[in-house]
Amino acid sequence: MRKARVDFSEEVFKKDDDAISVVKALLLISAEDEAFMALNREKDRLAAHIEGRNLSDTHTENFGDGVDGLYIAGRTMPMWLARFDFLAREVQDLLISKGSTFKPEEILKAVGSVLFKIQGFKREVANLDTNSFYLHLVLTLGSGSGILICIIYMEVCRRLGVLVKGAEVGDELLLWPLVDNLQECYKHCTGDRRCYFELLAFHHPAVLFGSNIGPSSHSSFEVPMLNFATNKQVVGMVLSKLKNLHWKDACKVRPGYALTDPLHPLAQVKSTQGDSHELAVGALLRPKSLRLAIMASERLRLLCPHDWVLMRDHGLLLYHNKRYGEAVQELSICAALAPSGDRHMLEHFVEKLHLLHIESSWSSLKPPSAPSTLA
């Protein structure tokens, strides 16, 4: 786990954003989370052995930093990256068989044919499963979230010499090939999406994205409609979805419970009145899913160290995990950076966290049946 986190940090902190490999960063996320889940399975087996029970060993774990690097689901990092080389060769073979001259529009069409027709990749309709956001699982199962399918498409195109950028539209990526004849790329689109693509192709990328790709006849647009997402931002989009989905898994016993609910004024009034049900939220959460949400949040904080919203969410995750000292530190910094409307609410919550932190330090001195000092 430590090796994967260190490698992830080195990858995303490269000086040039274009030098960051999105697929490698996502595979390192998979490596760390897979190692954590394997560790939990090992703990379960050890506990069962101590209790005199035998659990069937259905997983063969192979982790570590051997000659070929980290293992992810039994394969090394070079083996997973070679999967993209294989897809690129499939596209090349398809183009050669058709006598193609390897024009960008022909490459884009061939990549779509290989991924979606030959290999059978498909987008999950509802992105409610964390498996849809782990790259190694999407490559294995052939299905995943829209953003992961887009990332695979972009990586295969990059290996074939066609640069495709993405713009964040909600929780998805709008792909945009950086070629001159965009109308040629979209002219074969049919069905409900045809008018949408024709509208996009009508505008020059300099209008939509504010980039200096070439002249634009639509000089009246002063503010770009969309912005290209950097490689670091694309990784952050995937981490944000993982954090939110793991949080939902963690609080399934309390459906609809939001991460920021403890900051609500009503929740703080209840805690002041000694409502132990509100104070003991952490006891009702699934520990493994909560820990995975915290791990995703930690990596998000590496990407955006000065984002006060990410600080707030990370501090609240630590609070739910009863790591009160760390939560106090995180939320205190967050309160200093937050807008005035949120600052008072955060400062009031941090005061209560200080009391919880003090009380938790006394827990070893109290008998198990002693009531909460704060309550």
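Guide: Begin with contact: it means heavy atoms within 4.5 Å. This is a predicted model, where local features need pLDDT of at least 70, side-chain atom pairs count only at pLDDT 80 or more, and totals for chains, interfaces and linings use all residues. Residues are numbered from 1 along each chain as its sequence is written, and side-chain values use heavy atoms, with hydrogens and water left out.

Visitor: Which residues is R299 in contact with, leaving aside its neighbours within four places in sequence?

Guide: R299 contacts R5, F8, I29, E32, D33 and L239 under that rule. R299 lies in helix α13. Helices are DSSP runs (H or I, at least four residues), strands likewise (E, at least two), both numbered from the N terminus.

Visitor: Is R299 buried or exposed?

Guide: The cut-offs come first. Buried means under 20% relative accessible area, exposed over 50%, and partly exposed in between, using a 1.4 Å probe and protein chains only. R299 has a relative accessible area of 0%, so it is buried.

Visitor: What about E298?

Guide: E298 is also placed in α13, which covers residues 287–303. Its relative accessibility is 18%, so E298 counts as buried. Setting aside residues within four places in sequence, E298 is in contact with R5, R291, H314 and R323.

Visitor: How do I read a salt bridge?

Guide: Start from the general idea. Side chains of opposite charge can pair when their charged atoms come close. The cut-off used here is a side-chain nitrogen of Lys or Arg within 4 Å of a carboxyl oxygen of Asp or Glu.

Visitor: How many salt bridges does a search of the whole structure find?

Guide: The search finds 18. One of them joins the side chains of D18 and K165, at 3.7 Å from N to O. That pair links distant parts of the chain, 147 residues apart: D18 is in the loop between α1 (2–12) and α2 (22–50), and K165 is in strand β5 (residues 164–169). D18 counts as exposed because its relative accessibility is 56%. K165 has a relative accessible area of 17%, so K165 is buried.

Visitor: Which residue forms a salt bridge with D313?

Guide: K243 does, with the closest N and O atoms 3.1 Å apart. This pair also links distant parts of the chain: K243 is in helix α10 (residues 231–250) and D313 in helix α14, 70 residues apart. K243 is at 5% relative accessibility, so K243 counts as buried. D313 is at 10%, so D313 counts as buried too.

Visitor: What else does D313 touch?

Guide: Beyond four places in sequence, D313 touches K243, L259 and T260. Its side chain also makes a polar contact with the side chain of R312, at 3.1 Å. A polar contact is a pair of N or O atoms within 3.5 Å; within protein, one must be able to donate a hydrogen and the other to accept it, and residues adjacent in sequence count only if both atoms are side-chain atoms.

Visitor: Which residue does E326 form a salt bridge with?

Guide: E326 pairs with R323, the closest N and O atoms being 2.9 Å apart. E326 is at 39% relative accessibility, so E326 counts as partly exposed. R323 is at 22%, so R323 counts as partly exposed as well. Salt bridges that share partners also join R5, E32, D33, R291, E298 and R299 into one network.

Visitor: How do I check a helix length?

Guide: The expected span is 1.5 Å times one less than the number of residues. The 13 residues of α14 (residues 308–320) should span 18 Å, and the end C-alpha atoms are 18 Å apart, which agrees. Of those 13 residues, 12 are buried, including W308, M311 and Y319.

Visitor: What happens at the ends of α14?

Guide: D307 caps the N-terminal end, with a side-chain oxygen 2.9 Å from the backbone nitrogen of V309. Just after α14, K322 takes a positive phi of about 65 degrees, although K322 is not a glycine. K322 sits in the loop between α14 and α15 (324–337). K322 is at 48% relative accessibility, so K322 counts as partly exposed.
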